[in-house]
Amino acid sequence: MTKKKTKKRPSGNRFNTEFWKEQKRKTLIESTGASMRLSGSKITNKEVEKIVDSEKKRDKEYTISFIEEIIQDPKYKGWAGGRMEVLKPDESAYSIDEIRFFTPRNDEWVKFVDEYDCKNVDKAELDRVIKIVKEKFNQVYDQK
C-alpha cells in the first residue's frame, strides 16, 4: 500500500479565537461596504469600519430593568419592593446582577423607574444608579 498524500494543515492561529473574531470583523466590513457600493453609495471600507466599531462599543453597555414583587403585608400598602436587574455585557444571557429595592411608591420613585427601566447604560452611569437605589430606595424596615 502506498502512503496517502495529505495536505499540511496550518498551525498557529488556527484555533486562536481572537484571530477568527478579527477575520469575521474584516469580512463584515468588506461585505457591507461592497453591498452599499452596489446600491449606489460612495462609502469606503474605512467609513464602514467606523460604523461597525461604534456598534461594537455600544454592546459594552449594561441593561437595567426593574422587577416589582408582590408585598402581601397590608402595613406596606403603597410601597414598591423587588429588584433592579442588571444584564452584563459580553457574558451569557443569564449573567444578571440583582440590586434590591424597598421604598414608598411616590412621584420620585416613579420618575426614577421611568427614567432607567429598560435602559442601556455604561459602567459609570450604572454605578451611579446602583448607588442611588442602595442609598435612597432601599429602606431598612423592621421585620417584627
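Student: Which residue in β2 does E69 stand opposite?

Tutor: Start with the general idea. Strands of a sheet pair through backbone hydrogen bonds, either parallel or antiparallel. Now the case here, in a predicted model. E69 stands opposite G81 in β2. E68 stands opposite G82 in β2.

Student: In which sense do β1 and β2 pair, and over how many bridges?

Tutor: The sense is antiparallel, over seven bridges. Strand β1 covers residues 62-69, and strand β2 covers residues 79-87.

Student: With which sense and how many bridges do β1 and β4 pair?

Tutor: Three bridges join β1 and β4, in the antiparallel sense. As a landmark, take I64, which stands opposite K119 in β4.

Student: What is the strand order in the sheet?

Tutor: Read it across as β3-β2-β1-β4. The sheet is open, has four strands and pairs antiparallel. β3 (96-104) and β4 (119-121) are the edges. Each has a single partner strand, so one side of each has no neighbour in the sheet. From one strand to the next, the twist averages 30°.

Student: Which strands does helix α3 lie across?

Tutor: Helix α3 (residues 107-116) lies across β1, β2, β3 and β4. Its direction runs at about 140° to β1.

Student: What does helix α4 pack on?

Tutor: Helix α4 (residues 123-136) packs on the sheet and touches β1, β2, β3 and β4. The angle between the directions of α4 and β3 is about 40°.

Student: How many residues are in the largest nonpolar core?

Tutor: That core has 18 residues. F66, M84, W109, F112 and V133 have the most contacts inside it. At least two residues come from each of β1, β2, β3, α3 and α4.

Student: Take V133. Which residues does V133 touch?

Tutor: Leave out residues up to four places away in sequence. V133 then touches F66, M84, I99, R100, F101, F112 and N138. Among these, F66, M84 and F112 are also listed with V133 for the most contacts inside the core.

Student: How should I read a single position in a strand?

Tutor: In a regular strand the side chains alternate between the two faces of the sheet. For a case, go to S65, which is in strand β1.

Student: Is S65 buried or exposed?

Tutor: S65 is buried, because its relative accessible area is 18% and the cut-off is under 20%. Beyond four places in sequence, S65 touches R83, M84, E85, D117 and C118.

Student: And where does E61 lie?

Tutor: E61 is in the loop between α2 (45-58) and β1. With a relative accessible area of 26%, E61 is partly exposed. Not counting residues up to four places away in sequence, E61 touches L87, P89, N120 and V121.

Student: How many residues apart in sequence are E61 and D122?

Tutor: They are 61 residues apart in sequence. In space, E61 and D122 are 4.9 Å apart, C-alpha to C-alpha.

Student: What percentage of the residues count as buried?

Tutor: Of the 144 residues of the protein chain, 24% count as buried. The accessible surface of the chain is about 11600 Å². Carbon and sulfur atoms hold 52% of that surface.

Note on methods:
Residues are numbered from 1 along each chain as its sequence is written. This is a predicted model: local features need pLDDT of at least 70, side-chain atom pairs count only at pLDDT 80 or more; totals for chains, interfaces and linings use all residues. Side-chain values use heavy atoms; hydrogens and water are left out. Two strands pair if DSSP finds at least two bridges between them. Axes are lines fitted to C-alpha atoms, for helices over the stretch in contact, and angles run from 0 to 180 degrees between N-to-C directions. Contact means heavy atoms within 4.5 Å. A nonpolar core is a set of buried Ala, Val, Leu, Ile, Met, Phe, Trp, Tyr and Cys residues joined through side-chain atoms within 4.5 Å. Buried means under 20% relative accessible area, exposed over 50%, partly exposed in between (1.4 Å probe, protein chains only). Accessible areas come from the Shrake-Rupley method with a 1.4 Å probe; for residues, only the protein chains shown count as cover.
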